[in-house]
Amino acid sequence: MTTKPAPNTLKKMGLDSPMALALHLPSRYEDETQLYSIEDGIHQGRFHAVQTQGVVIRNQVLFRPRRQMVVTIEDDTSTLQLRFLNFYPSQQKQMAVGTHLRVRGEVREGFQGPEMVHPTVRAVAVDAPLPTSLTPVYPASAGVSQAAIRKAVTQALRDPSLQDSLAEFLPKTLMNELLPSHDWPNLQSAITYLHQPPADADTQALLERTHPAWRRVQFEELLAQQISLKRAHAIRRERHAPHFAKPAAGNSLESRLLKVLPFQLTVAQQRVWEEIGADLSLPFPMNRLLQGDVGSGKTVISALAAARTMEYGYQAAVMAPTEILAEQHYLKMKEWFEPLGVQVAWLSGSLKAKEKRAAQEMIESGQAQLIIGTHALIQENVNFAKLGLAVIDEQHRFGVRQRLEIQQRVGSELFYCHQLMMSATPIPRTLAMTYYADLDVSVIDQLPPGRKPIATKVVKASRREEVIQGIKSWLSRGLQAYWVCPLIEESEALQLQTAVESFEQLSQALPEFKVGLVHGRLKSEEKAAIMAAFKANQIQLLVATTVIEVGVDVPNAALMVIEHAERFGYAQIHQLRGRVGRGSADSVCILMYAEPLSMAAKERLQTLRETADGFVIAERDLSLRGPGELLGAKQSGDAMLRFVDLQRDAWLIELAQRAAERLLSDHGDIVERHLERWLGSRAEFLKA
Ligand code: ADP
Ligand code: MG
């Protein structure tokens, strides 16, 4: 109960300046402005905390049923017990008989009458003044007391430098024009209000963060984000990239590629290819996201973009987040391009040193025209001779830094390469408008013809035998299947163990079929060999850990069983499930779950059974997890929006967008100061 300022712990929380403290806003409030008599307090305090006071008339330490301290206080109206199950000797002293205590807590009926359990207690004079504002409760980390944060914040709010830091930048005319009906305080008043709201403040609105003071802060934060996104947009247009105009029809690489493909592009594929082709013909770097549900056919679009790039003598690179996925791209690209005389190179971390060096040399000399690989493309000692296009598959698996990294290696100081990101995880509109404002988006909203919808079934783990019999009759029809083993986040070893167990059980149960096992610990040659055998139908049932989550493409495998589906998130199951439903057979996905099922897991499995719409699933995911994981922002280590909730505050985004446009065009001087205030060092991430 003593207040020790904890400068070091505060610093660790990033609260190292008056401005940082000012922006450390309360998560809720306690009302210590009201003081009840004990009698009234007992009546009022049944459902919410109340404050009352009295003099200690008894202080007992009891030992049954367990050690505890019971203190009785009294005023003119009644008495009240205070019960402490943990206490320090210092507290015993603080609450000695005869002391006057002010206490705050909820009241309940105890064995010996009304009582408060672990109330907040202060020894004060009878007539100690009451605070006039609500008491803020701050987000804190272990070892930092509320009292220490409150003290530091109060000091910070009085710091003269804050006048400057929180000064009003936004021209009144602009605010009036854009926000005519919003009666928002200026920033400084808003911040002060949020730290010290008056006793009669609308606490509901404060808690829900819809209060005008919150709106002002949220607006400013969004404004900073919109400004920096728009600036990134402008900066990109001033950069140089080689431009690749659409070649005259005839013998171009892309038209030859289209001829060797065993299928025709869908209308949606044609449209996105037009959009991407148009970007490639411009003299500044493309920054485009190709979005399309699993199985919608993004790979061939990246191949076309690569063909266009190589047509002009530039290299194209395709980077994928896992070895299996990258290898699959490599095999496919080789199949498509080698007959056309293109040199395709492969680079992954698991290559032998000698092979790696050979690949690097081919990349550096320009002999390799199309390069496929994993993170090795940016991690190892790789320098491209002349990189014109970088394709990044499953882009949300990569961090922002990694995407910046590839620009460092294009082989020239004079130009940037075009970037094509691909993702099966749709970006909800609110996210697209905030985090991705400098990203152009193309959507493949149509699956190739002949696909049958995937029937998803939710089945209890106790019906495992039945499921295995189902697999048996499935395989007897000449089809193949996946068996996906549970995700065990705590332990990779344990995950492997359960995979091996399932593998052994299934091998025994299905002796007439070949069962394979693939997991993350295998060497890449081993993985590739197993995947190739599966693809060639030498393996009929593939037991796998989540290594197959992305991109694997075996059309004859149209049944998937996911064990312990309750442990997977929305996106993971959706991705996994996308591995089936690629051929013309009816596809089935069985989500096997173990009981007990949490409410959240139950809802998740139900949603997944009912919809295959990646967009619906992504929205659910967003409301559950926040944008960090969808964006890969986790990897960048910085959440960009602290005060804005994209679901709750979506309507503010458009306002901020318009304000950003106006500031950039009419008030350039304000822009810098505003960015610095809100983003500081985080601004660079927005450029990626
Ligand atoms: P994803 O978008 O999930 O990366 P892929 O590019 O792997 O999907 O394509 C899935 C499957 O569909 C592949 O076998 C691919 O060859 C095939 N495919 C792609 N486009 C078409 C099309 N227009 N018609 C028929 N099959 C197609
Ligand atoms: Mg893919």
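Leaving aside neighbours within four places in sequence, which residues is Arg104 in contact with? The list is Glu30, Asp31, Glu32, Ala49, Val50, Gln51, Met116, Pro119 and Thr120, where contact means heavy atoms within 4.5 Å.

## Basis of the model

This is a predicted model, in which local features need pLDDT of at least 70 and side-chain atom pairs count only at pLDDT 80 or more, while totals for chains, interfaces and linings use all residues. Residues are numbered from 1 along each chain as its sequence is written, chains are lettered from A and ligands numbered from 1 in the order in which they are written, and side-chain values use heavy atoms, with hydrogens and water left out.

## The chain as a whole

The protein chain holds 28 helices and 22 strands. Along the principal axes, the C-alpha atoms fill a box of roughly 100 × 70 × 45 Å.

Of the 688 residues in the protein chain, 53% are buried. Buried means under 20% relative accessible area, exposed means over 50%, and partly exposed lies in between (1.4 Å probe, protein chains only). The accessible surface of the protein chain is about 31200 Å², and carbon and sulfur atoms account for 51% of that surface. Accessible areas come from the Shrake-Rupley method with a 1.4 Å probe; for residues, only the protein chains shown count as cover. Among contacts between residues at least 6 apart in sequence, 77% join residues at least 24 apart.

Arg104 belongs to strand β5, residues 100-105. Its relative accessible area is 10%, so Arg104 counts as buried. A polar atom of the Arg104 side chain lies 3.2 Å from the backbone oxygen of Asp31. A polar contact is a pair of N or O atoms within 3.5 Å; within protein, one must be able to donate a hydrogen and the other to accept it, and residues adjacent in sequence count only if both atoms are side-chain atoms.

Thr374 sits in the loop between β13 (370-373) and α16 (376-379). Thr374 is buried because its relative accessibility is 8%. Not counting residues up to four places away in sequence, Thr374 touches several residues, including Met319, Glu323 and Leu347.

Lys172 is in helix α7, residues 172-178, and is exposed because its relative accessibility is 66%.

## Cysteines

The count of disulfides is zero, a disulfide being a pair of cysteine sulfur atoms within 2.5 Å. For Cys589, the closest cysteine sulfur is in Cys485 at 14 Å, so the two are too far apart for a bond. Cys589 is buried, with a relative accessible area of 0%. Cys417 also counts as buried, at 0% relative accessibility.

## Around ligand 1

There are 17 residues around ligand 1, and Gln264, Gly295, Thr299, Arg451 and Asp553 come nearest. A residue is near a molecule or strand if one of its heavy atoms lies within 4 Å of it. The shell divides into four nonpolar, seven polar and six charged residues. Here Ala, Val, Leu, Ile, Met, Phe, Trp, Tyr, Cys and Pro count as nonpolar, Asp, Glu, Lys and Arg as charged, and the others, Gly among them, as polar.

A nitrogen atom of ligand 1 lies 2.7 Å from a backbone N or O atom of Gln264. The side chain of Gln269 has an N or O atom 2.8 Å from a nitrogen atom of ligand 1. For Ser296, a backbone N or O atom is 3.5 Å from an oxygen atom of the ligand. On its own, ligand 1 has 570 Å² of accessible area, and the protein covers 85% of this.

Conventions:
Helix = DSSP H or I, 4+ residues; strand = E, 2+ residues; numbered from the N terminus.
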